[in-house]
Amino acid sequence: MLFSLKNLAKSSSCCYRTKSLGLVSGIDSTSLPFSTASSSVATIPSKDIVVSFKQWFKSGHNLFLHQIFQILKATDDADRFRDSSYDVSFHHHADLALSHLDLRLTEALVLEVLRYGNEKEQDVLSCLKFFDWVGRQRSFRHTRATFNAIFKILSRAKLMSLMHDFLSSFSSNRYNHSVRFHDTLVMGYAVSGKPEVALQMLGKMRFQGLDLDNFGYHVLLNSLVEENCFDAVHVIVQQIALKGFENDITHSIMLKWLCKQNRLDEADEYLRRLVSKGKANGSQVGVLVRALCQHKNFKHAGKLMNEFHDLEVVSMGRAYAVWIGDLAKVGRLDQALEFLLSKQSLEGYVPDVCRYNILISELLREARLEEVCDLILEMKEREVSPDMVTMNVVLCFFCKVGLLDIAVELYNSRFEFGLTPNSMAYNYLINTFCGNGSVDLAYKMLECSLDQGYFPGRKTFSILADALCREGKLDKMKQLVLFALEWNLMPSGSTYDKFIATLCRTNRVDDAYLIYEQLIRISEASLVCRESTYVSLINSFCKLNKGEIAARLLIEMQQHGHLPNHKVFRDVICSLCNTENPDNQFMTLLVMQLSCQKGTTRIYNYFIYGAGHARRPDLAGKVLQMMQQSGIVPNLRTHVLMLDSYLKKEKYSDALNYFNDLRQRRNLGRRLYSLMIMGMSKARKPEFALALLEEMREKGNVPSNNCYEFLIQSLCWNNEYDKAVSLINDLEKVGRQITSFIGNILLLNSLKSQELYKAWVRLRDLQIGISDNSILGLLIGAFSGRIWVSQQIENLEEVIANCFPLDVYTYNLLLRNFTNSNMDHACALFYRMSQKGYEPNRWTYDILVQGFLKHGRTDEANIWLKAIDDEDGGERNNFAVLSAAVVAAAARSTLGPPSLQSLFENIPDAAITQISSPGDDSEGKSKFLEAGS
């Protein structure tokens, strides 16, 4: 069994992800509270491992003492839900339950209970309750030792305010304890980190003729050193020496006093003097070793360890423990393990449970699981009783190696051996459940951790949040965030961003805004809310036409240090223009924006850009007017955006007037000419576009490819093929290449009509300088049906590639051609297209489906249709053209395959437009205006 466990740990050290081990247990989410069923491929006898570890855990478990703390914890749990009127009854219940245990209260028993509660149960509040209960029993009076024990417990838990209240109450009431009153106060204030008050109390004692004993003086001396009250140390040491109280504890404290002042050389000399007098011990060596380690002087510390070991006059056990622990804490695990092995083999040294815990925890953090397993098994074999830390680390180990069923079984059996999971154990369990896909169980484990007063760490919170978002469990995710806000914890901004984005994506915008408001309320939004968080919220409210909220978020986004881009402004302005009283809303946002930031050209341009997209050139004009009145000179981009706003609204006369006004006042460049040419082309006014193109060239500006593309398309729309062919000739004369978009336009119009080819031949015959691109002419003739060419796939692709670059729409045209005659060629072309990296679009699949139907291959057509349905999630309403074309093709299939020309004549215009639309062009023509802004 143990051999199998070590093998698993060894393999997990190389790859400890549970899925890669193939040993993860499947989880039955219906089993409560938590359960797992072992995988069929698991090779480890889980039941035997669970039994073995249960027995080991019970070996360090004192059932009698655990019962005491169960009673105290039950009272504590009830206090969370009780009404104040039941206070007395609950205290009476605890008193009665403890009385039934028939405890024979002695100082030794009280100290043992307090030590067990602090070390094993790790429950400070229950320790304080027990201390209070004992003090109210007639058969016992607290001693200095019991007071000092509770003081140390409270101070280590950093409950100083509670200690000070306790001491204040003790001082005012003078409890009737068989303990020296002033001694207790001095020790209490010393341990609680107030040595100055302790010294004042000592002064009062000496004034009254009283004094501390040996124990009290050393508690006070240690407090002065811990709190860096170095000046008073000499006085107290002198008193200790005068009264004959000097001992090993005095020497250890003085050594620590020198170390805390960084007087390490003096500390070294002091320790050597103690050794020479035979008064040194391992604890004192450990004090100096720790100080050297804190100063990162490990070489000197190691040398010191070896030197004192060779002297053989000092018991080195305590020094070994300090050395191993400090090496492990700073990440020198190899050195710590090597030292431990050597001392075990040569001296039979056995570390205490605390040292084992430190080593195992650090190794676990670095995922060195094989060594973790070795140490755990070593502890079992050496019968080192595990404490609470050990049990929690073992739980984490089983999670890490993928044995979730064992970890869960131990967790469910925790009451048998007094296990109280700590935050680290809960984090591991939650993480492992998430990694195993059991998100519901991970969430239940979170609820258990909250009941125990633990909230997951930042990393665990992110993992659980990601899992909940991924699984679409948004209600639980919302509750998780609310838990975090209640605990005043701020996980990473990416976690909140992901959650808010998921809520927005699933149309739960109100919930997303609620989370955002609560984040703002408890923290600085700039520390939590990312720019993408604001963008998600703004876009969602814009889609809901809630422009007022989107505008408010836009302002808050900038107030918290984020700069929205032009697209965010555009969306908000477009949304505002769809609200009631849009003009007022628009101007209000502009005024607010100008009040937040000084008016700049960039801000005014954003508003002109947004108004243009909202098809409100009148608002854009008002912004331009305000801009000029404020003394800001519009730049080129301002004029481009203003002109674009007229074109988007299709106010072409206003656009021409604005353009002519600019032309009279300044020398226009290529950008404004290009925008106007494309606008006139889209408006199917190619005569204006041609005139502007000629004027642009006369001024020495070379038109861009976009100008030629839009203008050639417009000429083809108007059947002005002679001018289109002349423009192609002009394009090549200025050194431009025919683009994919132009090539596709030519091929598509060739399929629709023979007029383009006739124009090509006519201009060639007139010998007016037509391009000698004979291959392109042959292609146009072939697609027009005027010239017969071979339809070998490879050759045809190569011919087209010599004229212009192919894209997916070129392939769609070729597919349409091949499906008319040979479906096998069409399928071969489809696979060649995919192999070359071209991503088929919806029309590619539609063409193939139509082809199969035309050739009577309905089974194959249905397969393709099903594939399309699966890819689109069944949403076929957006593809009405497909339905019409499929029905038409099915009807024609009974009459035999039509010619290529008649096939395209029967395709709806919408289909042709979609194939040839510049908005769908791979070069992104539809984005030109937006890029220009």
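Predicted model: local features only at pLDDT ≥ 70, side-chain atom pairs only at ≥ 80, totals over all residues.
Side chains of opposite charge can pair when their charged atoms come close.

## Further salt bridges

The count of salt bridges comes to 38. Among them is the pair of glutamate 371 and arginine 368, whose side chains meet at 2.7 Å, N to O. Glutamate 371, at 26% relative accessibility, counts as partly exposed.

A salt bridge also links the side chains of glutamate 860 and arginine 857, with an N to O distance of 2.7 Å. Glutamate 860 is partly exposed, its relative accessible area being 30%. Arginine 857 is likewise partly exposed, with a relative accessible area of 25%.

## Helix H26

Helix H26 spans residues 439-451 and contains 13 residues. From its first C-alpha to its last, H26 reaches 19 Å, which is close to the 18 Å expected at 1.5 Å a residue.

Which residues of H26 are buried? They are Val439, Leu441, Ala442, Tyr443, Met445, Leu446, Ser449 and Leu450. Just after the helix, glycine 453 adopts a positive phi of about 85 degrees.

## Alanine 467 in helix H27

Alanine 467 is located in helix H27 (residues 458-470). With a relative accessible area of 1%, alanine 467 is classed as buried, since that class covers values under 20%.

What does alanine 467 contact once its neighbours within four places in sequence are left aside? The residues in contact with alanine 467 are then Cys434 and Val439. Val439 is itself one of the buried residues of H26. Aspartate 440 lies 27 residues from alanine 467 along the chain, and 9.8 Å separates the C-alpha atoms of these two residues.

Definitions and conventions. Residues numbered from 1 in each chain as written. Heavy atoms only, no water. Salt bridge = Lys/Arg side-chain N within 4 Å of Asp/Glu carboxyl O. Buried < 20%, exposed > 50% of the residue type's maximum accessible area, 1.4 Å probe, protein only. Helix = DSSP H or I, 4+ residues; strand = E, 2+ residues; numbered from the N terminus. Expected span 1.5 Å × (residues − 1). Contact = heavy atoms within 4.5 Å.
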